[in-house]
Amino acid sequence: MVEKWIVCDPEILLGKPIIKGTRISVATIIQCVASGMTIDDILRGYPTLTKEGVLAALEFAAQQMAGEEMRIMEKA
């Protein structure tokens, strides 16, 4: 699921992992959760996001913290 939703594009946010089709970084999603926001709160605050995108960002972050290597698509 992560590979479908998380991409890196050197032209967007210096290549940081973002939700595909947005300029919203995985880090932004993590910061929202850390501040106490629910998924519904995040979706209201970022209307271009989907629940699947938010969940993919959380999964991506969890896998990164676990040291699992992720293959992220980059813009060609």
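**Reading helix α4 and its surroundings**

Tutor: Start with packing: the buried residues of α4 pack against α1 (2-5), β1 (6-8), β2 (17-19), α2 (26-34) and α3 (39-45). Helices (H or I, at least four residues) and strands (E, at least two) are DSSP runs, numbered from the N terminus. This is a predicted model: local features need pLDDT of at least 70, side-chain atom pairs count only at pLDDT 80 or more, and totals for chains, interfaces and linings use all residues. Residues are numbered from 1 along each chain as its sequence is written, and side-chain values use heavy atoms, with hydrogens and water left out.

Student: Which residues of α4 are buried?

Tutor: Buried means under 20% relative accessible area, exposed over 50%, partly exposed in between (1.4 Å probe, protein chains only). In α4 the buried ones are Gly-53, Val-54, Ala-56, Ala-57, Phe-60, Ala-61 and Gln-63.

Student: What is a nonpolar core?

Tutor: In soluble globular proteins, nonpolar side chains tend to be buried together. A core here is a set of buried Ala, Val, Leu, Ile, Met, Phe, Trp, Tyr and Cys residues joined through side-chain atoms within 4.5 Å. The largest one has 15 residues, and Ile-6, Ile-19, Val-26, Ile-29, Ile-42, Leu-49 and Ala-57 touch the most other members. Two or more residues come from each of α1, α2 and α4. The largest share, five residues, is from α4.

Student: What does Ala-57 touch, beyond its neighbours within four places in sequence?

Tutor: Contact means heavy atoms within 4.5 Å. Ala-57 is in contact with Ile-6, Ile-19, Val-26, Ile-29 and Ile-30.

Student: How many disulfides are there?

Tutor: A disulfide is a covalent bond between the sulfur atoms of two cysteines. The test is a pair of cysteine sulfur atoms within 2.5 Å. By this rule, the count is zero. Cys-8 is buried at 12% relative accessibility, and Cys-32 is buried at 7%.

Student: And how many salt bridges?

Tutor: A salt bridge is a side-chain nitrogen of Lys or Arg within 4 Å of a carboxyl oxygen of Asp or Glu. The structure holds one. Asp-41 pairs with Arg-44, and their closest N and O atoms are 2.6 Å apart.

Student: How are those two placed in helix α3?

Tutor: An α-helix has 3.6 residues a turn, so residues three or four places apart point the same way. Asp-41 and Arg-44 are three residues apart in α3, so about one helical turn separates them. Asp-41 is partly exposed at 26%, while Arg-44 is exposed at 60%.
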